[in-house]
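Let's take a walk through this fold together. Have a look at the chain below, and then we'll follow a helix and a strand.

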Amino acid sequence: MNFPLPQALGAHAPLPLVARRPSQLVGSTPVLWIDEPFAPPGRGFYAKLEGANPGGIKDRPGLHMIHEARRRGDLAPGTPIVESSSGTFALGLALAGLTFEHPVTVVTDPGMEPSVLRLLTTLGAHVDQVAAPYADGGWQRARRERVAELLARTPGAYCPDQYHNPDSVAAYGPLAMELISQLGRIDVLVVSVGTGGHSAGISRVLRESFPTLTTIGVDSVGSTIFGQPVRPRLMRGLGSSIHPGNVDYAAFAEVHWVAPAEAVWACRQLGRRHYATGGWSVGAVALVAGWVARTYPPGTRIAAVFPDGPHRYLDTVYNDAWCRDQQLLVQEPPPEPDEIAEPDECEVTGWTRCGRVRDPLGRTTAQRAEAGAR
């Protein structure tokens, strides 16, 4: 059977007036100007609303990675796809499974929201949930070990490996081209970092047009990506308990860590003021992008990527009772982050900025790629 090329895989083009396949709804997402309360009138940033995709930003790599695996012959028609995900990439893989006719198994953990579990089942995916985290590597290592078990007993099954697969990075080239078309010039890019795919892919393409681009990474407290000690994390969708090979450390001018209460405040302010909000990553990115808008010279053009919408977070971020139980309903965050000189100088527990970014394992780009290949 011939499958129509998903819009997300091609060059920037408007969405069709009538989509014949759900994959054709991916891409060409809107941009919204965000100012108060994050920045004073006349100052602000442009938010790329990836929640306008059917499942969120990871519809793009879900489709692209499976398309490329089929093209190379790594994935035979009709064979199973098995992958680890905390949520958004699982939705992208469910879309890819529907588009290319592959059964999809998502390995997740108890932190995945019940609404997402139900939605994945409705979309035809099988959900396999691990029971306990590893002491070293947490839930992510537990999920990846389970993926390895399932692959070993399922001949021909394919794992896209979103943490290390360079196809995940390449999938975001069209998003970068959309931003160029929409904004014309971009001086600062603010992006959350989890698997590293969209921060690396977008900044790489933008820098070809804007060599002086400043890329600011946004991470979660308790994440080990940039050299902090790993801790249990409430925030899903950004941060990591492992060191993904797709993170392009050299691309970042600085990194900010954000705590859950600060992200909750930002998410709710976005909803009240701009009718456009999302999950943990969206709140964290908005907080940092607002700081950039307040502190950088007037006229600086700032693009911030909002990876998803609010729907999967209605029982957490937007649930007063849950937030009170977690002690997340606090006053407005401070206007400035704390600062540290080295990413491992101390353990951060709230919004903190560091102007030095390096791979905490000391790997080169080639070594990270090689580790992913193994």
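Contact here means heavy atoms within 4.5 Å. Keep in mind that this is a predicted model, where local features need pLDDT of at least 70 and side-chain atom pairs count only at pLDDT 80 or more, while totals for chains, interfaces and linings use all residues. Residues are numbered from 1 along each chain as its sequence is written, and side-chain values use heavy atoms, with hydrogens and water left out.

Start with helix α1, residues 59-72. Helices (H or I, at least four residues) and strands (E, at least two) are DSSP runs, numbered from the N terminus. Buried means under 20% relative accessible area, using a 1.4 Å probe and protein chains only. In α1, 10 of the 14 residues are buried, so the helix is largely enclosed by the rest of the structure. Among them are Leu63, Met65 and Ile66. What covers them? The cover of the buried residues in α1 includes β2, β3 (81-84), α2 (88-100), α5 (166-170) and α6 (173-183). Just past the helix, glycine 73 has a positive phi of about 90 degrees.

Now for strand β9, residues 302-306: 5 of its 5 residues are buried, so β9 is largely enclosed too. In a regular strand, side chains alternate between the two faces of the sheet. In β9, Ile302, Ala304 and Phe306 are buried on one side, and Ala303 and Val305 on the other.

Who are its partners? Strands pair if DSSP finds at least two bridges between them. Strand β2 (residues 45-49) runs parallel to β9 over 4 bridges, with lysine 48 bridging to valine 305. Strand β6 (residues 188-192) is also parallel to β9, joined by 3 bridges, and here leucine 189 partners alanine 303.

Definitions and conventions:
Buried means under 20% relative accessible area, exposed over 50%, partly exposed in between (1.4 Å probe, protein chains only). The expected span of a helix is 1.5 Å times one less than its number of residues.
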